[in-house]
Amino acid sequence: MKLQVAIDLLTTEAALELAGKVAEHVDIIELGTPLIKAEGLSVITAVKNAHPDKVVFADLKTMDAGELEADIAFKAGADLVTVLGTADDSTIAGAVKAAKAHNKGVVVDLISVEDKVTRAKEVHALGAKFVEMHAGLDEQAKPGFDLNGLLAAGEKARVPFSVAGGVKLATITDVQKAGADVAVAGGAIYGAADPALAAKELRAAIV
């Protein structure tokens, strides 16, 4: 299982600083949607130039104009981009077309998709590299939230998947047991007193 750090900071400088601290312990560096909105495509280029050996994941959360948005992100240096699972199939197919042209990949984010299992199978057939079983920050803040629903959906879908939303040292073993290809840790790393140590501990917990 690969480890992905989600950088939900708001400046290129802060993103580069965090990436520099944790890169040796992670496989994928994700640039969060607020970061890309705040800094533009240049942050993708900056992080890819700083870490050319890492997979750079641009969390665009595209809902329309799939081919166009994916194309500009790939040209900026992204290796993976996200399209929302609630988007039209043609939007996902367009992003996949751009990915094939650049030899890159599309991840379909299933945030707010009610039937994640069915949609995961559908978008996998459309060419998604993997799907993201994702609970957003707002959903995580609700009383009683846990990862079990996401893990169960991933196990049942039987397609390559990542898990994002509450992944931390106490839960990463469960994520791996569920068969996830990628564990996505955000606040557990960037919110830690020592992000490098937090990333190292998460990496060590992956068997």
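Tutor: The lining of the second largest pocket divides into six nonpolar, one polar and five charged residues. Here Ala, Val, Leu, Ile, Met, Phe, Trp, Tyr, Cys and Pro count as nonpolar, Asp, Glu, Lys and Arg as charged, and the others, Gly among them, as polar. Among those lining residues are Lys 2, Asp 79, Lys 104, Gly 105, Lys 129 and Asp 181. The volume is about 160 Å³.

This is a predicted model: local features need pLDDT of at least 70, side-chain atom pairs pLDDT 80 or more, while totals for chains, interfaces and linings use all residues. Residues are numbered from 1 along each chain as its sequence is written, and side-chain values use heavy atoms, without hydrogens and water.

The largest pocket has a volume of about 630 Å³. Of its 36 lining residues, His 134, Ala 135, Gly 136, Leu 137 and Gln 140 are closest to the centre. A pocket is an open set of points on a 1 Å grid over the protein atoms alone, where a 1.4 Å probe fits, with protein on both sides within 12 Å along at least five of seven lines; lining residues have an atom within 4 Å of a point. Volume is the space filled by probe spheres set on the points, which are joined across faces, edges and corners. This lining splits into 15 nonpolar, ten polar and eleven charged residues. Helix H7 (137-140) is one of the elements supplying at least two; H7 gives the most, with four. Helices (H or I, at least four residues) and strands (E, at least two) are DSSP runs, numbered from the N terminus.

Strand E6 (130-134) also contributes at least two residues to that lining. Glu 132 is found in E6.
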